[in-house]
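Thanks, everyone. I will take a few minutes on one strand and its surroundings. Please have the sequence and the structure open.

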Amino acid sequence: MQLLHDQRDQLPPGVSAAAAIGVFDGVHLGHQEVLKQVRDTAERLGAASAVVTFDTHPAHVVRPQNAPKLLTTLEQKLELLEAQRLDYVYVIEFDEVRAGTRPEEFVEQVFLDALHARAVVVGEDFHFGKGRAGNVAELQRLGSEWGFEVVPLELIRHRREALEPVSSTAVRRALAGGDVAGAAEMLGRCYEVRGTVVEGDKRGTAVGFPTANVPVPKAMAWPADAVYAGWCMLPDGRRNACAINIGRRPTFYEHAQQSLLEAHLLDFSDDLYGCEMRVEFVDFLRSERKFEGIEQLSAQLAVDVENAAQRLGLR
């Protein structure tokens, strides 16, 4: 997959593309269906497959006060897009100038000038351009005028009985409710956060369950405060089972303001300080609660570890 930059790169002369466009935050099953259609359309037309995306969620620029939390960093998103076997990804650095681009200008600059598009694949709820004024109907009108076809796709549901389509919003809602298994169904993989292991206050060691403390950027979506079973991906490629606590540690701190992510790695004793770690959430174990003291907390943590091992198929 070749990376192209907005208003700087374009496809070589004589190369055309079938392209999709979207934020693609999470690259969930709905996104994957769009990208499959891009590959199929590109093969039918004898064109390259391409995806247009943004370096950040546009809402962080146009309405930062209520912008959604991100499911993926740009790095993660590009990794996931590369796994979709696309030829090109065109990254738009979204700022106030780009936010003010009129729909027809956007189509001309990106799809015609840069990607020489012969087809554009979008979800049926797609909007683009200044004030989100452009929609599928407008894109179809421009396609008829400028010579590219538009392939609109219905939104998909991850289960027949699902009340709403798969979307980044639905994934965020599942995470906020602690339903990491439901989020994984919509993503097609476990939800993952990344960070560098930092030194904590040694409380985990004191109760007999040392943890890797992984700060997660505030812009990222977190599962609800609770205990989860999951996996930690270590820098050397090892995948280690873990019991993950997200919360404010009410047993020790009465008025903590910030939730923390602490992962206890099962059957593991190496030093991880300063290491980059990926934490995958597999299943909810229990809600966070306050204990009367270290002895009671330690007993519950032993249960959590055993339950995590069972949920992960290790017992």
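In what sense do strand 11 and strand 14 pair, and over how many bridges? This is a predicted model, and in it the two strands pair in the antiparallel sense, over eight bridges.

The hairpin of strand 11 and strand 12 has five residues between the strands, and in it Gly237 takes a positive phi near 95°. Trp231 has a further contact: the charged end of Arg239 sits over its ring, 4.3 Å from the centre.

Next, burial. Seven of the eight residues of strand 11 are buried, so the strand is largely enclosed by the rest of the structure. Tyr228 is buried, because its relative accessibility is 0%, and the cut-off is under 20%.

That brings me to the aromatic rings. A search of the whole structure finds seven aromatic pairs. In one of them, Tyr228 and Phe284, the ring centres are 6.0 Å apart and the planes stand at 80°; over 60 counts as edge-to-face, so that is what this pair is. The two residues lie 56 apart in the chain, with Tyr228 in strand 11, residues 226–233, and Phe284 in strand 14, residues 276–287. Phe284 has a relative accessible area of 29%, so it counts as partly exposed.

Finally, one aromatic cluster is formed by Phe106, Phe111, Phe126 and Phe128.

Conventions: Residues numbered from 1 in each chain as written. Predicted model: local features only at pLDDT ≥ 70, side-chain atom pairs only at ≥ 80, totals over all residues. Heavy atoms only, no water. Phe/Tyr/Trp six-rings, centres within 6.5 Å; stacked < 30°, edge-to-face > 60°. Helix = DSSP H or I, 4+ residues; strand = E, 2+ residues; numbered from the N terminus. Buried < 20%, exposed > 50% of the residue type's maximum accessible area, 1.4 Å probe, protein only. Lys NZ or Arg CZ within 6 Å of the ring centre and 35° of its normal. Pairing = 2+ DSSP bridges.
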